[in-house]
Amino acid sequence: MSEECIFCRIVAGELPADIVYKDEDFLAFRDIMPKAPTHVLIIPKAHTASVGELTDGQQELAGRLIILAKNLAKKEGIAGKGYRLVINCGPEGGQVVPHLHLHLLGGRQMDARLG
Ligand code: AMP
């Protein structure tokens, strides 16, 4: 755990969050400033700063993150119409919180243009 990381503090129960899913390795909670009717952040509990920090040994973790997003999309009722998964990496990628997280966005039409 990183002491200053807000997502680590949510994992530790030190900061409140609207948690929609948790297991041994992952936590999912609603984004505090939602950009869509459904906006869930899915994070590995263990601190990894970004995709850029993932190692070859974390392939399984990275794969499970996407499968979990798919399952949560179903649970949130947005799987039928479709949804968007986003992972920002680093400053130019738009990453603000330096703890790896995947955005699950849905419930409205997404702009086909990225960026
Ligand atoms: P990113 O720009 O990819 O780093 O996304 C960070 C996301 O975290 C943003 O969409 C924020 O609204 C969201 N966020 C920041 N702090 C919190 C918090 N305490 N609880 C829930 N979501 C948060």
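**Ligand contacts and a ring pair**

User: How far is a polar side-chain atom of His103 from an oxygen atom of the ligand?

Analyst: His103 reaches the ligand's oxygen atom through a polar side-chain atom. This is a predicted model, where local features need pLDDT of at least 70, side-chain atom pairs count only at pLDDT 80 or more, and totals for chains, interfaces and linings use all residues. Residues are numbered from 1 along each chain as its sequence is written, and side-chain values use heavy atoms, with hydrogens and water left out. The distance is 2.8 Å.

User: Which residue has a backbone N or O atom 3.1 Å from a nitrogen atom of the ligand?

Analyst: A polar contact here is a pair of N or O atoms within 3.5 Å. A polar backbone atom of Gly94 is 2.8 Å from an oxygen atom of the ligand. The backbone atom 3.1 Å from a ligand nitrogen belongs to Ile32.

User: How much of the ligand's exposed area does the protein bury?

Analyst: Accessible areas come from the Shrake-Rupley method with a 1.4 Å probe. Taken alone, the ligand exposes 510 Å². The share buried by the protein is 85%.

User: What is the geometry of the pair formed by the rings of Phe7 and Phe29?

Analyst: The whole structure holds one aromatic pair (ring centres within 6.5 Å; planes under 30 degrees apart are stacked, over 60 edge-to-face, the rest tilted). The ring centres of Phe7 and Phe29 are 5.3 Å apart and their planes meet at 80°, so the pair is edge-to-face.

User: Which strand holds Phe29?

Analyst: Helices (at least four residues) and strands (at least two) are DSSP runs. The pair links distant parts of the chain, 22 residues apart. Phe7 lies in helix H1, and Phe29 in strand S2.

Methods: Polar contact = N/O pair within 3.5 Å; in protein donor to acceptor, adjacent residues only side chain to side chain. Phe/Tyr/Trp six-rings, centres within 6.5 Å; stacked < 30°, edge-to-face > 60°.
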